[in-house]
Amino acid sequence: MLKVIAAGRLGRNAEHRTTQGGTDICSFSVACDVGFGENKSTVWVDVAKFGKGAEGLSKILSKGDSVTVVGDLTTREHEGKTYLQVRSDEVTL
């Protein structure tokens, strides 16, 4: 398990959905700045918060909001690209 802390801005409004088993999920993407000056770039992190509080969280997170998330880091491959994902334990506004 790899725990990470990611701080940045929401790239889109948070979305709420429910699994077939009834688990609530809040998902959103966070733009994290890395580097300085001319070497500054943005790394996008997809975040998912499962369970209690997910529905309420999705109602208050909007595009552009600053957040810090703590959770387990995973990756997924899609069409030759690698995407960073965090299964969040904690979200701070």
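Guide: The model is predicted, and the labels are taken in turn below.

Visitor: Why is Glu79 called exposed?
Guide: Exposed means over 50% relative accessible area. Glu79 has 73% relative accessibility, so it counts as exposed. Glu79 sits in the loop between strand S5 (66–78) and strand S6 (81–92), and its phi is positive, near 50°.

Visitor: How do you know that S5 and S6 pair?
Guide: Pairing needs at least two bridges between the strands. S5 and S6 are joined by 11 bridges and run antiparallel, so they pair. Within S6, Thr92 is the bridge partner of Thr68.

Visitor: What makes S1 a partner of S5?
Guide: Strand S1 (residues 3–10) and S5 are antiparallel and share 7 bridges; at least two are required, so they count as paired. In S5, Thr68 is the bridge partner of Ala7.

Visitor: Why is the contact between Lys3 and Asp72 called a salt bridge?
Guide: The cut-off is within 4 Å, nitrogen to carboxyl oxygen. The closest N and O atoms of Lys3 and Asp72 are 3.3 Å apart, so the contact qualifies. Lys3 lies in strand S1 and Asp72 in strand S5, so the pair ties together parts 69 residues apart in sequence.

Visitor: What makes Lys3 and Asp89 a salt bridge?
Guide: Their N to O distance is 2.2 Å and the limit is 4 Å, so the pair counts. Lys3 is in strand S1 and Asp89 in strand S6, 86 residues apart.

Visitor: Why is Asp89 called partly exposed?
Guide: The class lies between 20% and 50%. Asp89 has 43% relative accessibility, so it counts as partly exposed.

How values were computed. Residues numbered from 1 in each chain as written. Predicted model: local features only at pLDDT ≥ 70, side-chain atom pairs only at ≥ 80, totals over all residues. Heavy atoms only, no water. Helix = DSSP H or I, 4+ residues; strand = E, 2+ residues; numbered from the N terminus. Buried < 20%, exposed > 50% of the residue type's maximum accessible area, 1.4 Å probe, protein only. Salt bridge = Lys/Arg side-chain N within 4 Å of Asp/Glu carboxyl O.
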